[in-house]
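This briefing is for a reader who is new to the structure shown below. Please look over the sequence and the model before reading the points.

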Amino acid sequence: MSRKILWSVVALIYAFMLAPILITAAVSFNAVERSYFPPRGFSLHWWSMAMTPQWTGPFLFSLKLAALSAVATAVLGLPLALALRWPSFRGRGTLQALTLGPLVLPSLVTGIALLQFLTLAGVGNWIGLPALVIGHVVICLPFMVRTLSISLDSIPINAEIAAASLGASRLRVLIEVTLPLARSGGGAGMIFAFISSFDDVNLALFVARPGQTPLTVQIMQFLEYGFSPTLAALSIISLLVPLALVALFGRLVGIGNFIYQDHGHA
Amino acid sequence: MPEAALELRGLTKHFGASVTVGPIDLIVRQGEFVTLLGPSGCGKTTTLNMIGGFVTPDAGGIHLAGSPVETLPPWRRDLGIVFQDYALFPHRTVAENIGFGLRMRRVGRAEIARRVYEAMQLVRLDGLGDRRPGQLSGGQRQRVALARALVIRPSLLLLDEPLSNLDLKLREEMRIEISTLQRRLGIAALFVTHDQEEALTMSDRIAVMRGGRIEQLGSAREIYEAPASAFVAGFIGSTNLIRGSVIAPRQPGGTVRVDTGAGPAMIPIVGDLPDGGAVLLMIRPERLKLASPGAAPEGTNAWSAQVVRTIYLGGRMEVRLRLRDGGTAIAYAVNEGETDWDEGEMVDAWFRPRDAWVIPGPAEDSDAQATNCLR
Amino acid sequence: MKPQGSAYLLAAFPAAFLLLFFALPILLLLSTSMLKSEDMVPIAQLTTANFSTLLTKKLYVDAILRTIGIGVAVGALVVVLGYPVAYTLVRTQSRWQPVLVALALSPLLASVIVRTYGWWVLLNHDGPINNFLLAMGVISAPLRMLPSTAVIIVGLAHALLPYGVLTIMAALNGVNPNLERAAMSLGAGRVRTFVSVTLPLTASGVIGGFLLAFGVAIGAYATPAILGGPGTQTMATLIYSFMMTLLDWSLGSAMGVILLASSFVVLALIMLAGRRSES
Ligand SMILES: Nc1ncnc2c1ncn2[C@@H]1O[C@H](COP(=O)(O)OP(=O)(O)OP(=O)(O)O)[C@@H](O)[C@H]1O
Ligand SMILES: [Mg+2]
């Protein structure tokens with residue numbers, strides 16, 4: 001009996017979670033210029049509107065930004081994760097705090113800080129793609145280091161010492177033992193960084209510029225003039241990108257292994 | 001006659017298409033200590049979980065003290081359960097853990113305090129009431145779990161491998177302690193283990209389980225001396241298993257002749273044995289004696305064998321023999337300080353007719369059992 | 001080279017990056033929040049005027065309090081709604097369990113905008129809820145559900161629910177199911193078992209989920225911007241207008257500092273409460 005009640009409650013919560021997304025999808029097929037639900041008539045008009053350069057530009061820009069952010073996060077995250085594996089050295093605590101710092105700050109605050117810094121440092125022309133990549137790397141580094149550390153911790157540092165004692169040079173150890181271990185964590189971290197960058201609004205709001213605006217910010221700006229079913233179509237398109245990414249690569253890197261460990265800091 | 005403490009009738013649970021636990025029929029009498037003994041995965045925990053109400057059986061009935069409980073939720077079954085991992089509430093003190101069941105039964109505060117104190121004395125935990133489970137040793141945790149289950153005076157105590165997380169010495173102590181307590185309080189108990197020694201030392205009766213069913217149920221002596229199958233024989237103690245065939249089923253004097261590769265043997269008739277039927281002859285190593293060639297006593301079965309190895313084990317010697325057909329057998333010789341068997345020496349291995357018995361076979365897994373017997 | 005030498009070598013570049021693009025900008029933000037601003041650019045003149053404006057003008061104080069209220073409500077909703085889902089997902093034997101987990105977490109893949117837009121469609125003056133109620137004759141004119149603080153709370157709770165499910169699932173996974181069985185065998189019914197065993201042992205997950213949702217909610221821009229209006233400003237929407245519309249960076253920075261401080265204060269309060277209940 002009580003089990004039935006629990007399941008009904010859970011079913012309602014699932015409906016609550018999924019309904020808005022399904023409604024958004026449905027609305028995009030409206031035949032009229034209103035966000036009706038259930039949709040009136042059926043048309044692909046709003047989907048073709050979503051395919052015009054006004055929107056494909058920001059969409060492609062978002063893809064480029066997300067890819068660059070993911071790669072840059074991995075490039076910076078790997079040495080950081082490797083360094084933090086040393087059990088103790090002077091400044092380890094500081095390094096750790098520096099790495100995890102962006103987690104506790106709202107990304108919006110990181111965004112306004114970056115905007116001011118770049119402007120006052122005289123590199124205001126970095127606002128746009130470079131600033132966006134920098135900001136997204138700062139936000140995503142903690143996750144990258146975490147997922148990498150989880151993978152790297154699956155083998156004790158002794159295994160590397162053992163490899164070294166067997167005559168492998170430092171570089172060989174890194175290439176033959178350490179990096180293969182880091183692959184799944186790095187992959188999960190990159191997927192995470194890609195999606196975070198692709199979906200980010202809070203930071204991008206402040207460091208985008210006309211012509212270098214991600215899709216999310218473009219939508220927010222468009223919203224100031226009202227809603228249109230085009231936005232529904234765009235929302236669904238932008239949902240498909242992370243979905244496809246996880247479907248394609250999620251299993252490959254075993255993203256499930258990182259789900260629980262990641263939870264604390266999204 | 002009073003009602004049985006527990007009665008299981010055709011209790012069955014299916015897991016998917018391939019795994020089935022049961023049907024299980026079992027009676028635990030008032031005050032009796034019954035053990036479910038079997039290898040990992042044979043369904044012991046599942047059986048306890050069905051009794052406890054945590055797993056819903058697909059078929060069969062469960063009666064506690066005469067009344068059916070299949071439809072009762074766990075909290076109405078009045079059972080004391082000791083879990084393998086103790087399952088002590090980590091956020092509560094020892095005294096709170098022990099008193100939990102009494103609190104649920106709305107017993108008064110003073111009464112709870114008194115009974116918790118008594119229970120702690122009973123399991124020798126005096127003075128530890130304010131500790132948290134995390135601050136106790138393994139043996140102490142075990143005792144808390146036991147006290148928590150006993151203090152509610154359950155109609156039946158269920159124990160799922162409660163000793164498997166303790167080291168050997170503590171385990172041996174707790175065996176005695178648990179069965180003494182159980183006897184003193186007169187609470188019927190169903191105990192689960194895969195340790196044969198535990199089963200032998202603690203139980204009034206043992207149910208040997210295999211593949212989800214009870215293969216044999218009987219006292220320790222019955223199970224050891226007359227195992228119903230090669231599996232039971234191999235699981236409890238060590239056994240020499242020798243393939244043979246029945247030659248003359250009805251000999252005068254109530255005996256039957258069995259021919260084996262190692263030699264013929266006369267043994268008492270047990271059940272129906274077809275002429276020429278394949279059987280497994282079983283002899284416990286301590287019942288297989290050694291003598292110089294030709295010196296075996298009259299009226300016994302004697303086979304000539306060669307000593308392959310002797311292993312000194314203190315109180316006894318383990319002697320490994322090669323039989324005439326090349327098969328291996330083991331004999332335990334009491335170390336009386338006199339005879340010594342040299343490796344390579346020819347001997348007579350002999351046994352009294354009543355010290356051997358046969359079962360139909362050879363079981364398809366008799367080779368596995370034959371290695372099993374060398375444990 | 002001493003082994004730790006290589007740690008320094010490895011960390012040098014990323015550490016420099018974080019110092020330059022994270023630590024330094026945050027320090028700058030802290031200092032501009034205490035500088036006077038002239039024509040958008042802060043000038044070298046110390047002042048507490050930014051903070052006193054923000055902390056005394058009713059409009060701003062309301063926004064700050066509203067934001068914190070939203071954060072608390074969202075955190076509570078996320079935990080309350082996330083718990084039953086997490087519990088079911090962890091305890092179920094159903095073979096659909098992995099699918100249900102994926103379904104519960106899939107909203108995380110969508111941008112907050114996608115997750116919020118559906119609510120706008122559902123609740124706007126000519127959305128399905130209003131149309132349904134009108135058709136049924138329950139109301140005679142459309143309800144004005146937008147913009148409102150309540151809807152912002154619902155939208156954010158919806159967007160952040162998967163985080164609650166995740167943290168509580170992690171906590172539940174750490175609870176030995178035999179503990180619940182032990183409680184039941186000792187006579188505790190389902191509710192008592194939950195209240196006296198499961199809930200206390202998953203308190204960390206509940207608090208973690210609350211904090212996470214609170215922290216993200218008070219710093220969220222998109223949802224209050226879409227579902228709110230001029231009367232429902234939050235710290236995030238104010239920061240946006242200070243920085244991008246009014247171009248008063250000092251005021252924006254000060255509000256950013258207040259936003260930061262709010263999340264730290266709540267964090268500290270909860271940690272304090274946790275420590276007290278432990279001793
Ligand atoms: N919830 C379940 N779903 C599927 N199969 C199960 C489940 N519980 C038990 N089984 C299967 O039922 C069989 C019996 O399991 P059970 O836990 O009862 O064994 P056991 O005798 O207690 O073993 P052990 O000595 O290892 O504790 C095993 O094959 C097990 O895999
Ligand atoms: Mg078991």
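The model is predicted. Chain B has an open sheet of four strands, paired antiparallel, and ligand 1 lies between chains B and C. In chain A, helix H5 is largely enclosed by the rest of the structure, because 12 of its 14 residues are buried. In chain C, the notes turn to Leu161(C), which is found in helix H7.

**The sheet of chain B**

- The strands of the open sheet in chain B follow the order E2-E1-E4-E5.
- Strand E2 (19–28) and strand E5 (67–68) of chain B are the edge strands, since each of them pairs on one side only.
- Strand E1 of chain B covers residues 6–15, and its antiparallel pairing with E2(B) runs over seven bridges.
- One bridge joins Leu6(B) to Val28(B), its partner in E2(B).
- Helix H1 of chain B, residues 44–52, lies across E1, E2 and strand E4 (59–64) of that chain. The angle between H1(B) and E1(B) is about 115°.

**Loop residues of chain B with positive phi**

- Ala65(B) is found in the loop that lies between E4 and E5 of chain B. Its phi is near 50°, a positive value in a residue other than glycine.
- Ala65(B) has a relative accessibility of 40%, so it counts as partly exposed.
- Arg153(B) lies in the loop between helix H4 (138–150) and strand E7 (156–160) of chain B. Arg153(B) is not a glycine either, yet its phi is positive, at about 50°.
- Arg153(B) has a relative accessibility of 54%; this value is over 50%, so Arg153(B) counts as exposed.

**Ligand 1**

- Ligand 1 lies between chains B and C, and the residues that surround it include Gln93(C).
- From chain B, the surrounding residues include Phe15(B), Val19(B), Glu161(B) and His194(B). Also among them are Ser40(B), Gly41(B), Cys42(B), Gly43(B), Lys44(B), Thr45(B) and Thr46(B).
- A polar backbone atom of Gly43(B) is 3.0 Å from an oxygen atom of the ligand.
- In the side chain of Thr45(B), an N or O atom is 2.6 Å from an oxygen atom of ligand 1.
- For the side chain of Glu161(B), the distance from an N or O atom to an oxygen atom of ligand 1 is 3.1 Å.

**Helix H5 of chain A**

- H5(A) spans residues 107–120 and has 14 residues. From its first C-alpha to its last it reaches 20 Å, close to the 20 Å expected at 1.5 Å a residue.
- Its buried residues include Ser107(A), Thr110(A), Gly111(A), Gln116(A) and Phe117(A). Leu108(A), Val109(A), Ile112(A), Ala113(A), Leu114(A), Leu115(A) and Leu118(A) are buried too.
- Gly122(A) follows H5(A) and has a positive phi, near 80°.

**Leu161 of chain C**

- Leu161(C) is found in helix H7 of chain C, which covers residues 149–173.
- Its relative accessible area is 0%, which is under 20%, so Leu161(C) is buried.
- Leaving aside neighbours within four places in sequence, Leu161(C) is in contact with Val78(C), Leu81(C) and Gly82(C) of chain C and with Ile13(A), Phe16(A) and Met17(A) of chain A.
- Leu161(C) and Val78(C) are 83 residues apart along the chain, and their C-alpha atoms are separated by 5.0 Å.

Methods
Residues are numbered from 1 along each chain as its sequence is written. Chains are lettered from A and ligands numbered from 1 in the order in which they are written. This is a predicted model: local features need pLDDT of at least 70, side-chain atom pairs count only at pLDDT 80 or more; totals for chains, interfaces and linings use all residues. Side-chain values use heavy atoms; hydrogens and water are left out. Two strands pair if DSSP finds at least two bridges between them. Helices (H or I, at least four residues) and strands (E, at least two) are DSSP runs, numbered from the N terminus. Contact means heavy atoms within 4.5 Å. Axes are lines fitted to C-alpha atoms, for helices over the stretch in contact, and angles run from 0 to 180 degrees between N-to-C directions. The expected span of a helix is 1.5 Å times one less than its number of residues. Buried means under 20% relative accessible area, exposed over 50%, partly exposed in between (1.4 Å probe, protein chains only). A residue is near a molecule or strand if one of its heavy atoms lies within 4 Å of it. A polar contact is a pair of N or O atoms within 3.5 Å; within protein, one must be able to donate a hydrogen and the other to accept it, and residues adjacent in sequence count only if both atoms are side-chain atoms.
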